[in-house]
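Please read the points below alongside the coordinates.

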Amino acid sequence: MGHSTVYPTGATVYNPEKAWSGYTVYQAGDEGVVLIDMNGKEVHLWKGLLGFPAKVFPGGYVLGSTGRRDPKFGIQDNVDLVQVDWNGNIVWKFNSYEHIEDPGYEPLWYARQHHDYQREGNPVGYYAPGLEPKVTSGNTLILAHKNLFNSEISDKELLDDAILEVDWEGNIIWEWLPSEHFDELGFDEAAKNVLFRDPNTRSFGKLGGGVGDWLHINSASYVGPNKFYDAGDERFHPDNIIWDAREANIIAITDKKTGKIVWRIGPDYSLPELKHIDWIIGQHHAHIIPKGLPGEGNLLVFDNGGWGGYGLPNPSSPFGQKNALRDHSRILEINPVTLEIEWQYTAAEAGFSVPTDSYKFYSPYISAAQRLANGNTLITEGSNGRLFEVTPEHELVWEYISPYTDTRNTNMVYRSYRLPYEWVPQLEEPVEIAIEAIDVSSFRLPGAATKGSDSVVSVETTLPFAEGAACVATSGEGRHHKSQSK
């Protein structure tokens, strides 16, 4: 199946009465980090800044990176993590995780940051009342990479996902490595055998034989203040870290003090307590909804579908790698204690016929979901650059298609965030203009034929009918049916 050559970009739907209005920030192709208003107007561009992801803080500050490592030697390794002001001046920087000497390049200190980070004061990096990230002090949680060997997992070199906490001066004050907790991850013997033979090997590495991107953690955030901890459940201590691994289909919480994994779902979703959830595959942006927002304390995750996991071979996975597959996505809000699904958004809620059209809500990689202060959810359907907002009743109240492309001619968006107007005092609050959804069944480009025809004929068709009757159908206006007995 091909794709249309004409499709809209920019803002396509906006209902100011029902949307939670503010600015939206995201990485705009190869342009840099862009800030747009609800009508899709670009109001600021931090040109050349990399957003993996881009997060705006109060005062018009934005966090991102100034460069990325050559992919011949590392995957998604950012040189640094920087906080810049409205004019692009660097006011904070971390780049001292590893000193690297890649062939053909000057030796350089790298942060090796990828996929996520959080600043003290806010557990997840998006707006929640009373939980503002610090901008001139505080610790920063950083998801980074570390190459190592662990014979318990594989005899191949591994790309581990280190989670760091650094202070304002850039000192590493806490480090956690998932490879040191392999026995806590729940892999069965089949999965362990697959991992040992091929831990998702990527074609780069110092030894020339590739490196195993075995978990590919893509989010890490603080659990944050929550009702479950207030009720005495220590697993949900606000300082604990929740993370997800897209290659292993795992979402877990690490105890900050002990380093042990104290809560986990996946990698096996056939367990009795998880069967009602069904398989979560290749997920992104798993986090606890912050206190003060509707759904606070629940897990919110973009369940991509696509491919992920390790285990027994099947026709789509002859070697047992990426052995779970699904061709549609879901947004899930899950009570982490009862494991009940409290809210979801799927192709069915989007109004498509299920299962035949389930693929019409589908991003097999990247993507995100943010709970907004009015109970709406901002969704990043990343692979096709679509950002949209829905109400708790699943009504579409804002939609935007990124017009920015990268060197591969894709308009993908890794993650987007909505922020309040007051976080950007440099701008006057914009005029909000409603955008009504277009009726695509009747919309035509200038010069294109309209629906219907100047010449209409009726064709009478006789169809076999039950119990010896006949059905006569007449096309066009005046369509009727009649049955007759022989």
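1. Aromatic cluster. Tyr26, Trp398, Tyr400 and Tyr404 are linked into a cluster by ring pairs. Rings of Phe, Tyr and Trp (its six-membered ring) are paired if their centres lie within 6.5 Å; planes under 30 degrees apart are stacked, those over 60 edge-to-face, and the rest tilted. By this rule there are 21 aromatic pairs. One of them, tyrosine 127 with tryptophan 423, is edge-to-face, at 6.0 Å centre to centre and 75 degrees between the planes. This pair links distant parts of the chain, 296 residues apart: tyrosine 127 belongs to the loop between β11 (113-119) and β12 (140-150), and tryptophan 423 to the loop between β31 and β32 (460-464). Tyrosine 127 is buried at 19% relative accessibility, and tryptophan 423 is buried at 4%. Here buried means under 20% relative accessible area, exposed over 50%, and partly exposed in between (1.4 Å probe, protein chains only).

2. Basis of the values. The model is predicted: local features need pLDDT of at least 70 and side-chain atom pairs count only at pLDDT 80 or more, whereas totals for chains, interfaces and linings use all residues. Residues are numbered from 1 along each chain as its sequence is written, and side-chain values use heavy atoms, with hydrogens and water left out. Helices (H or I, at least four residues) and strands (E, at least two) are DSSP runs numbered from the N terminus.

3. Largest pocket. The largest pocket holds about 1,600 Å³ of space. Its lining has 39 residues, and Tyr7, Pro8, Arg386, Glu399 and Ile401 are the closest to its centre. A pocket is, on a 1 Å grid over the protein atoms alone, an open set of points where a 1.4 Å probe fits, with protein on both sides within 12 Å along at least five of seven lines; lining residues have an atom within 4 Å of a point. Grid points are joined across faces, edges and corners, and the volume is the space filled by probe spheres set on the points. Strands β1 (10-14), β29 (386-390) and β30 (396-401) each supply at least two lining residues, and β30 gives the most, with three. The lining divides into 21 nonpolar, 12 polar and six charged residues. In this division Ala, Val, Leu, Ile, Met, Phe, Trp, Tyr, Cys and Pro are nonpolar, Asp, Glu, Lys and Arg are charged, and the others, Gly among them, are polar.

4. Second largest pocket. Which residues lie nearest the centre of the second largest pocket? They are Phe52, Arg68, Gln76, Arg408 and Met412, from a lining of 29 residues. The volume of this pocket is about 1,000 Å³. Strand β5 (residues 50-57) gives the most to the lining, with three residues. The lining residues divide into 11 nonpolar, 10 polar and eight charged.

5. Asparagine 411. This residue lies in the loop between β30 and β31 (417-419) and is buried, with a relative accessible area of 14%. Polar atoms of the asparagine 411 side chain lie 3.2 Å from the backbone oxygen of asparagine 384 and 3.0 Å from that of serine 402. Beyond its neighbours within four places in sequence, asparagine 411 is in contact (heavy atoms within 4.5 Å) with residues including Ser383, Gly385, Ile401, Tyr404 and Thr405.

6. Valine 194. Valine 194 is placed in helix α1 (residues 189-197) and is buried at a relative accessible area of 4%. Residues up to four places away in sequence aside, valine 194 touches Pro199, Tyr310, Gly311, Phe319, Gly320 and Gln321.

7. Backbone geometry. Most residues other than glycine have a negative phi, and most peptide bonds are trans. The bond joining phenylalanine 52 and proline 53 is cis, with omega about -5 degrees, and proline 53 is in strand β5. The bond from valine 354 to proline 355 is also cis, with omega near 10 degrees. Histidine 115, in strand β11, has a positive phi near 70 degrees and is buried at 2%. Histidine 216 has a positive phi of about 55 degrees and counts as buried at 8% relative accessibility.

Conventions: A polar contact is a pair of N or O atoms within 3.5 Å; within protein, one must be able to donate a hydrogen and the other to accept it, and residues adjacent in sequence count only if both atoms are side-chain atoms.
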